[in-house]
Amino acid sequence: MSLTLAYAADFPAIASTVFILPAGTTELPVTAAADLPEAARQYVAAQLAADEKLVVVNQYSHQHYYIVAEEKKTSALGLEALRKAGHKLHARLKADKVEELFICNLTPAGASLALAEGIALTAYQFAGYKTDEKSKQAPTLQRLTLVGPDLSEQKVAELAGVLEGVYLARDLVNKPYSHLNATQLAQQFEKAGEEAGFEVEVLDLVRIEALRMGGLLAVNQGSPEPPTFTIMEYKPAGATNAKPIVLVGKGVVFDTGGLSLKPTPNSMDMMKCDMGGAAVVVGVLTALAKNKVPLHVIGLVPATDNRPGGPALAPGDVITMYSGLSVEVLNTDAEGRLILADALAFAKKYNPELVMDYATLTGSAARAIGIEGIVYMGTADEEVMADLKKAGNTTHERLVEFPLWDEYADHIKSPIADMTNLGKAEAGAISAGKFLERYAEGYPWVHFDIAGPAFLTAPDSYRGKGGTGTAVRLTYEYLKGRA
């Protein structure tokens with residue numbers, strides 16, 4: 001992460017500083033105006049009286065920025081407003097060519113972290129593959145230093161660890177297939193494990209065939225590249241859970257739709273993002289390991305591309321999954337659930353406390369709630385579902401629960417196999433979840449369909465454009481609380 005986060009007990013007199021002021025502030029507190037000349041104080045007071053939320057004073061050698069917190073219905077929404085304020089402030093910092101910014105909070109605890117989070121997530125840039133010198137230049141803003149009695153080095157370092165996980169997830173989603181096939185994705189996992197401190201084992205084609213992972217092998221049939229199945233394990237000394245929590249991520253590194261070919265405009269052209277679930281898993285493990293969260297967590301990622309070449313899987317084919325169940329494949333573009341099903345069945349061997357899977361699985365989920373939230377459903381108890389929803393509200397990666405009523409099983413009935421891989425036009429996100437439920441047996445399970453927010457085609461505040469790393473912060477927040 002190019003942007004460094006640090007903690008300090010106080011801020012120097014001559015330094016670019018942002019002060020977070022309480023909602024409704026019309027006069028500057030003494031703490032925020034110590035070195036301002038009278039004319040500047042009057043200017044700021046006038047701007048505050050006019051209900052300006054961001055006021056800037058140029059001190060020539062440095063800048064002072066004043067952000068007024070907003071009164072919201074909940075504290076979580078107040079923190080989200082500060083993240084968005086951080087996004088707006090970043091544009092000013094960039095224009096003013098600020099190299100280091102001190103953040104001083106004069107409101108209740110947590111505001112500095114939220115503002116820094118908004119700035120840092122906005123500051124993210126995918127390195128890309130441009131060769132001109134301007135593109136290679138590092139951004140001007142290099143350091144955020146958070147100041148205040150409500151903070152500590154540990155809290156600031158924790159935020160930095162979470163941001164590293166989000167940055168990694170974004171980087172992976174933004175990489176094109178030419179630079180990230182299934183083998184290269186597994187290599188990225190190995191690199192992340194070495195840097196953060198978790199174990200990585202990669203199963204190659206021979207071992208996948210030996211395990212008879214029929215879903216993963218079937219999707220891979222039309223590809224010139226071999227599949228991989230990666231097992232990542234973070235098991236710190238003193239872990240508080242006796243049984244591991246397993247995270248499963250869909251790793252379709254590029255999805256053409258197979259023989260059920262996707263149209264190109266606004267569809268296949270974005271399908272490098274179809275491994276967004278895999279990116280969540282490694283992003284969360286990175287954040288947990290960086291912050292030494294005392295929790296035993298295992299990540300499973302089945303990975304392949306989905307191509308129409310050679311002996312590709314055909315509509316109407318029947319395949320046998322790792323679990324032994326048979327599936328009539330009605331549409332080769334409903335491939336994500338096939339590879340996830342093998343991983344979910346494989347997860348049972350760990351006797352897990354909880355399994356959570358992440359996938360850019362259905363357009364149905366995106367059409368239902370847009371880019372504003374994540375669809376989730378599962379068999380975990382109400383307390384788990386409520387705690388996940390609370391974590392989603394805290395991080396503003398909000399969750400909407402869909403039902404898994406028994407009647408939805410009728411949507412995937414097959415006359416010749418145990419089930420089909422395609423439901424009805426209605427409730428597509430639910431029938432996909434109902435398919436996965438058949439393989440998530442013997443443990444509590446939650447499915448997250450991140451198809452809407454995982455990859456954005458237009459900038460959206462601090463989430464930016466392209467890969468967002470959505471669900472990394474949410475999952476880290478939940479697991480931290482569970483630890």
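1. A cavity, as the word is used here, is a set of grid points where a 1.4 Å probe fits but cannot get out, and its lining residues have an atom within 4 Å of a point. The model under discussion is predicted. Three cavities of 30 Å³ or more are counted in it.

2. The largest cavity holds about 40 Å³ of space. Its lining is made up of Ala 169, Val 173, Gly 276, Ala 279, Val 280, Ile 450, Ala 454, Thr 468, Gly 469 and Thr 470. Helix 5 and helix 9 are the elements that give two or more residues to this lining. Helix 9 has the largest share, with three residues. By class, the lining of the largest cavity splits into six nonpolar and four polar residues, with no charged ones.

3. How do helix 5 and helix 9 run relative to each other? The axes of helix 5 (residues 153–174) and helix 9 cross at roughly 155° and come within 8 Å. Angles over 145 degrees count as roughly antiparallel, and the two helices are therefore roughly antiparallel to each other. Their crossing is right-handed.

4. On the helix 5 side, the contact with helix 9 is made by Gly 161, Val 162, Glu 164, Gly 165, Leu 168, Ala 169, Leu 172 and Val 173. Helix 9 answers with Gly 276, Ala 279, Val 282, Gly 283, Thr 286, Ala 287 and Lys 290. The contact comprises eight nonpolar, five polar and two charged residues. Ala 169, Val 173, Gly 276 and Ala 279 belong to this contact and also line the largest cavity.

5. Helix 9 (residues 276–290) also meets helix 14 (residues 472–482), with axes that come within 9 Å and cross at roughly 45°. That angle makes helix 9 oblique to helix 14. The crossing of this pair is right-handed. Val 280, Gly 283, Val 284, Ala 287 and Leu 288 of helix 9 make the contact with Val 472, Thr 475, Tyr 476 and Leu 479 of helix 14. Seven of these residues are nonpolar and two are polar, and none is charged. Gly 283 and Ala 287 take part here as well as in the contact with helix 5.

6. Helix 14 has a further partner in helix 12 (residues 382–395): their axes come within 8 Å and cross at roughly 125°. Helix 12 and helix 14 are therefore oblique to each other, and their crossing is right-handed. From helix 12 the contact takes Val 384, Asp 387, Leu 388, Ala 391, Gly 392, Thr 394 and Thr 395, and from helix 14 it takes Arg 473, Leu 474, Glu 477, Tyr 478 and Arg 482. The classes here are five nonpolar, three polar and four charged.

7. What is the volume of the second largest pocket? The value is about 810 Å³. Its lining has 35 residues, and those closest to the centre are Lys 262, Leu 361, Thr 362, Gly 363 and Ser 364. Helix 10 (336–347), helix 11 (363–369) and helix 13 (428–437) are the elements that give two or more residues to the lining. The largest share, four residues, comes from helix 11. The lining of this pocket has twelve nonpolar, 14 polar and nine charged residues.

Terms used. Residues numbered from 1 in each chain as written. Predicted model: local features only at pLDDT ≥ 70, side-chain atom pairs only at ≥ 80, totals over all residues. Heavy atoms only, no water. Axes fitted to C-alpha atoms, helices over the stretch in contact; angles between N-to-C directions. Parallel < 35°, antiparallel > 145°, perpendicular 65-115°, else oblique. Left-handed = near helix turned anticlockwise from the far one by under 90°. Contact = heavy atoms within 4.5 Å. Nonpolar A, V, L, I, M, F, W, Y, C, P; charged D, E, K, R; others polar. 1 Å grid on protein atoms, 1.4 Å probe; cavity = no way out; pocket = protein on both sides within 12 Å on 5 of 7 lines; lining within 4 Å. Points joined across faces, edges and corners; volume = space filled by probe spheres on them.
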